[in-house]
Amino acid sequence: MPENNSFLTEYGWNTLLSDKFDALTPPGDKPGRVLRVDRGQCDIAAATGISRAVSGNEPLCTGDWVTLAGSGQIDWPETYTVTSILPRSSSIIRSSASGKSEGQILAANVDTVVVATAADGDVDLGRIERLLALTWESGATPVVVLTKADVAQNIYDARTTVSAVAPGATVLAVSAETHEGMDVLDAVLDGTVAILGPSGAGKSTLANALLGHSFLDTGAVRTGDGKGRHTTVTRELIPLSGGRTLIDTPGLRGVGMWNAGEGIDKTFPEIEELIANCRFSDCSHTSEPECAVRRAVELGEVHERRLASYRKLQRENAWNATRSDARLQAERVREMKAISRRLKDHYRGRRQ
Ligand SMILES: Nc1nc2c(ncn2[C@@H]2O[C@H](COP(=O)(O)OP(=O)(O)O)[C@@H](O)[C@H]2O)c(=O)[nH]1
Ligand SMILES: [Mg+2]
Ligand SMILES: [Zn+2]
């Protein structure tokens, strides 16, 4: 039977992915995209429609393109097994909130990240910078969106202020209420889109506006065979128009820096540029002599708040790296002990 991946096209399947897939995949395996992950299983979109699949060994995340073995029979939707993950074009990683010293991948293959901020109150610039660093690091392109433009005090001022902390990023003001700016936003959103921002920023409302219908209504599931089989799956990845998709990942409130050095540098290019001129290569830009960054702050060329924000993210990034080093160290010790224990058992066994 010829493969028909037209259903998958709605989830972003294209010729580029098809080539990647053909080059990497054993014959017989089929492509799929992860819509949501829970323990050991996931919801996937495949040519046959939406199914459940058994996860393989590697940890999956929403947005992953995977190879599937099995038939994906309509009455046996779980017969798919994820056999491998296609290389990720981007991954959004945060230091895990649970205090574990590991990075956590929130979403993969994201092309555009909307950094959402409500324009109707005090705009938290530090949070925007944090999310920008996370986004640049991930490989996705950020678009900073000031939401609730209809109820902002002065949307032009807000946009100017935000643009100053988002060099290299597009900054837009929108209202999901009046639809002001929505067409411009729609035009800049490309590929797989994720919306990040604090609770109350208007993320869900924005998602609904982009989808053109209520987000919750999207729980109704299409099937590939048209027989109307109804499965209740909660999806975090939803088709937008034109093969674009929207990822709505819960739990993005406390995003910590994880291995995000390059992302931080890209967020603060005016500071990054100066660092090479500091006298000490490990300058912390606090009280060292001949610090080019502090000098620029004194001359009013770099904003004090920007430097403080930069240092905060850098410190956090370094701290998380230390934690991860400590964890790797502990793991290595545990492994060594396990090996020596096994050896001991082995030799003891031989002596008996
Ligand atoms: N006036 C106005 N209110 C909005 C707009 N977008 C969102 N809101 C309101 O802001 C609140 C939070 O929005 P919500 O989408 O739930 O935010 P989320 O927590 O980021 O998903 C809700 O009461 C929305 O009705 C907008 O464009 N204009
Ligand atoms: Mg919400
Ligand atoms: Zn310095």
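Visitor: In what order do the strands of the open 6-strand sheet run?
Guide: This is a predicted model, where local features need pLDDT of at least 70, side-chain atom pairs count only at pLDDT 80 or more, and totals for chains, interfaces and linings use all residues. Residues are numbered from 1 along each chain as its sequence is written, and chains are lettered from A and ligands numbered from 1 in the order in which they are written. Strands (E, at least two residues) and helices (H or I, at least four) are DSSP runs, numbered from the N terminus. Pairing is mixed, and the order is β10-β9-β8-β11-β13-β12.

Visitor: Why is one side of β10 and of β12 left without a neighbour in the sheet?
Guide: Two strands pair if DSSP finds at least two bridges between them. β10 (170-173) and β12 (237-239) stand at the edges, so one side of each lacks a neighbour: each has a single partner strand.

Visitor: What angle does the direction of α3 make with that of β8?
Guide: Axes are lines fitted to C-alpha atoms, for helices over the stretch in contact, and angles run from 0 to 180 degrees between N-to-C directions. Contact needs C-beta atoms, placed from the backbone, within 7 Å. α3 packs on the sheet, touching β8, β9 (141-147) and β11. The angle with β8 is about 175 degrees.

Visitor: Which helix gives the most to the shell around ligand 1?
Guide: Of the 15 residues around ligand 1, those coming nearest include K203, S204 and T205. The helix giving the most, with 3 residues, is α6 (residues 203-211).

Technical notes: A residue is near a molecule or strand if its C-beta atom, placed from the backbone, lies within 6 Å of it. Two residues are in contact if their C-beta atoms, placed from the backbone, lie within 7 Å.
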